[in-house]
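Hi everyone, thanks for making time this morning. Have a look at the structure on the screen, and I'll walk you through it.

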Amino acid sequence: MDRLKDKIALVTGSSRGIGAAIAALFACEGAKVALHGRDVHALSEVLADIVQAGGQAIDVTADVTKFGEIEAMRCRIEREFGPIDILVANAGGSFTTPGPLEQTSEDEWRASIEGNLTATFLTIKSFLPRMKERRTGNIITISSAAAHRPYPMAPIAYGAAKAGIEILTQDLAGQVGPYGIRANCIAPETILTERNRQRIPSAQQQDLIDWHPIRRLGTPEDVAHAALYLASADAAWIAGIVLDVAGGAVMV
Ligand SMILES: NC(=O)c1ccc[n+]([C@@H]2O[C@H](COP(=O)([O-])OP(=O)(O)OC[C@H]3O[C@@H](n4cnc5c(N)ncnc54)[C@H](OP(=O)(O)O)[C@@H]3O)[C@@H](O)[C@H]2O)c1
């Protein structure tokens with residue numbers, strides 16, 4: 001399986017969860033993968049698993065809400081591997097408590113916008129110039145089903161940040177297509193990551209399962225396979241889409 005043979009990929013937020021699954025699949029498909037996060041212990045475990053499976057990877061750290069740290073990370077990846085071909089801007093999450101808008105504090109609002117929309121913007125801003133210079137590249141951003149319809153358990157700030165990522169990706173696809181660069185977005189529904197397994201009570205997990213036409217929750221690997229498709233030559237004519245990975249729970 002060599003669909004990404006000799007490609008260099010960065011998957012932000014790959015110390016755990018969805019990002020770790022994307023990184024592992026990309027490495028399995030022949031890519032050299034830069035693993036990224038802030039938790040060095042978690043990163044070293046993902047790295048060890050990839051190397052043990054015969055893949056090539058390095059681990060890098062940066063807070064993706066800080067442009068200076070992203071730039072330092074980019075320099076390190078370029079020193080070790082060279083310029084990246086594939087950027088998966090996956091790092092993010094919900095940093096706000098769900099609830100009425102007027103009870104959302106300004107700090108919580110800013111945390112979700114910064115940690116998702118601004119982080120995605122800054123990450124792309126750092127890596128895009130080299131892609132344009134080389135006239136090749138592939139950018140995948142991560143939204144959420146929360147951007148597609150109101151859901152009481154999803155904070156407004158998170159849905160708004162993810163909706164911003166979608167239009168950012170589509171604007172970007174229009175700008176960079178002429179440079180041979182494709183940009184696409186994936187919008188997952190609830191994915192049973194380790195964190196969600198612990199966070200979502202089992203009764204609520206069952207309610208969510210019953211609500212999906214495909215009667216299960218998504219796995220990190222479901223998202224990884226969608227990312228592999230978009231990153232591969234199989235999707236050569238696909239740009240500017242938002243791909244729902246949602247077990248049929250989101251139908252636009
Ligand atoms: N799980 C779901 O149900 C679901 C559904 C829809 C969309 N998504 C989206 O999918 C993406 C991955 O979600 P996940 O569930 O896999 O999350 P997760 O298990 O909480 O992992 C989040 C990853 O992002 C990194 N990260 C977060 N903020 C960062 C920052 N400021 N700087 C550097 N690294 C940062 C974390 O690094 P460290 O832990 O090392 O600090 C970790 O590697 C997120 O964008 C999320 O919004 C998830």
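First, some ground rules. This is a predicted model, where local features need pLDDT of at least 70, side-chain atom pairs count only at pLDDT 80 or more, and totals for chains, interfaces and linings use all residues. Residues are numbered from 1 along each chain as its sequence is written.

The protein chain has 8 helices and 7 strands. Both are DSSP runs numbered from the N terminus: helices are H or I with at least four residues, strands are E with at least two. The C-alpha atoms fill a box of roughly 45 × 35 × 35 Å along the principal axes. A compact globule of 252 residues would have a radius of gyration near 18 Å, and the 17 Å of this chain agrees with that. That radius is taken over C-alpha atoms, and the globule rule is 2.2 Å times the number of residues to the power 0.38.

Now, the ligand. How many residues surround the ligand? There are 28, and the closest are G13, G17, G37, R38 and G92. A residue counts as near if its C-beta atom, placed from the backbone, lies within 6 Å. By class, this shell has 8 nonpolar, 15 polar and 5 charged residues. Here Ala, Val, Leu, Ile, Met, Phe, Trp, Tyr, Cys and Pro are nonpolar, Asp, Glu, Lys and Arg are charged, and the others, Gly among them, are polar. Helix 1 (17–28), helix 4 (106–134) and helix 6 (194–199) each supply at least two shell residues, and helix 1 gives the most, with 3.

Let's stay with helix 1. Its partner here is helix 8, residues 220–231, packed at an angle of about 50° with the axes 8 Å apart. Axes are lines fitted to C-alpha atoms, for helices over the stretch in contact, and angles run from 0 to 180 degrees between N-to-C directions. That makes helix 1 oblique to helix 8; under 35 degrees is roughly parallel, over 145 roughly antiparallel, 65 to 115 roughly perpendicular, and the rest oblique. The residues of this contact divide into 11 nonpolar, 2 polar and 1 charged.

Finally, helix 4 meets helix 3 (residues 67–80): their axes come within 9 Å and cross at roughly 40°. These two helices are therefore oblique as well. F67, I70, E71 and R74 in helix 3 meet L122, T123, S126 and F127 in helix 4, where contact means C-beta atoms, placed from the backbone, within 7 Å.

Key
Contact = placed C-beta atoms within 7 Å.
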